[in-house]
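The tour moves from the whole chain to single residues.

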Amino acid sequence: MKAVSITEHGGPEVLEWTDVEDPVPAAGEVVVDVVAGALNRADVMQRWGLYPLQPDWSPYPGLEVSGRISALGEGVTGWQVGDEVCALLTGGGYAQKVAVPAGQLLTIPQGIGLVEAAGLPEITATVWSNLVMTARLKAGETLLVHGGAGGVGTMAIQVAKALGARVVTTVGGPEKAARALELGADAAIDYRTEDFTEHGPYDVVLDVVGGDYLERNIRSLAADGRLVVIGLQKSLEAQLNLAELVFKRLSVHGTTLRTRSGADKATIVAEVQHHVWPLIENGTVRLVVDRTLPMAEAAEGHRLMEAGGHTGKILLVND
């Protein structure tokens, strides 16, 4: 089969469409013939060498795919060869085939095409696990979502509104602000010209930026507020006012899907299938796709993501 290999750490030019060995399913796994995959910020970090891989992870990028099951490992039940699925991965999605633990498979939501479904697993699992399972966002609370035009941001706005929350988001420019409002955000702040702290306080903040956003996130939280940091786009270090943390009884969570155990991922995937899939099927929540590209042109997708001009997901499609 072919897969996108990272030949060395660096810019998008280090991504190469090469021949590699076919995956073989271990016990409890299936092999999926990949129809499409999707880009995530973690793929870019991996390419730059900022996301160290564990020994049992695939060396190929790609955290989600859609496709058809072509082989079953020992002990797999409930799935058959030929089933159309999408899947949450630890890596390896930029390829023609990938081995996946059966617990990380999802059905294709009714009304969603097989290619489009590739963009659902990572963002739905990220949003549900962080907003609901970690931050315990409730109806009537106010959520601040940083990066409301990205894949996670566009999904977080919709899921939070479905939960009955008020949603404020930061975006880069009036066009992205308009798109966020169309998705249901109550307010969209252009971070280049406005200070998001002036629109608080917030009960929950979902942060994909990191760095010096930490101090302002903490300052803008209401009493008993929860900050969930899931991205480090800006920098890896920041200062924290512990007095404000203590006196307002705040909680700070740092999370990532990729390093969770297989059992944890299976629990999250089951929650997504049960709670988020119905919202997608009834039209309450929809996937925002910026564009699709051939899998062999993953480097172009990375260039677009780093330029920051996209809204929603960038999908990679196999021939």
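The stops below say what to select and what is there.

**The whole chain**

Begin with everything selected, and keep in mind that this is a predicted model. The chain has 9 helices and 15 strands. Its C-alpha atoms fill a box of roughly 55 × 40 × 35 Å along the principal axes. A compact globule of 319 residues would have a radius of gyration near 20 Å, and the chain agrees with this because its own value is 19 Å.

Buried residues make up 53% of the 319 residues. Among contacts in the chain with a separation of 6 or more, 66% are between residues 24 or more positions apart.

**Helix α2**

Select residues 121-134, which form helix α2. Is this helix mostly covered or mostly open? It is mostly covered, with 12 of its 14 residues buried. The buried residues include Pro121, Ile123, Trp128 and Leu131.

Go back to Leu143 and show its surroundings. Which residues does Leu143 touch, leaving out those up to four places away in sequence? They include Leu131, Leu137, Ala156, Ala160, Arg166, Tyr202 and Leu206.

**Two arginines with positive phi**

Select Arg136, which follows α2 and lies in the loop between α2 and β8 (142-146). Its phi is near 55 degrees, a positive value in a residue other than glycine. Arg136 is exposed, with a relative accessible area of 55%.

Next select Arg249, in the loop between α6 (242-247) and β13 (251-254). Arg249 is not a glycine either, yet has a positive phi of about 55 degrees. Is Arg249 buried, partly exposed or exposed? Its relative accessible area is 48%, so Arg249 counts as partly exposed, the cut-off for exposed being over 50%.

**A cis peptide bond**

Finish at Gly200 and Pro201. A cis peptide bond joins these two residues, with omega about 0 degrees. Pro201 sits in the loop between β10 (187-190) and β11 (202-207).

How values were computed
Residues are numbered from 1 along each chain as its sequence is written. This is a predicted model: local features need pLDDT of at least 70, side-chain atom pairs count only at pLDDT 80 or more; totals for chains, interfaces and linings use all residues. Side-chain values use heavy atoms; hydrogens and water are left out. Buried means under 20% relative accessible area, exposed over 50%, partly exposed in between (1.4 Å probe, protein chains only). Helices (H or I, at least four residues) and strands (E, at least two) are DSSP runs, numbered from the N terminus. The radius of gyration is taken over C-alpha atoms; the globule rule is 2.2 Å times the number of residues to the power 0.38. Contact means heavy atoms within 4.5 Å.
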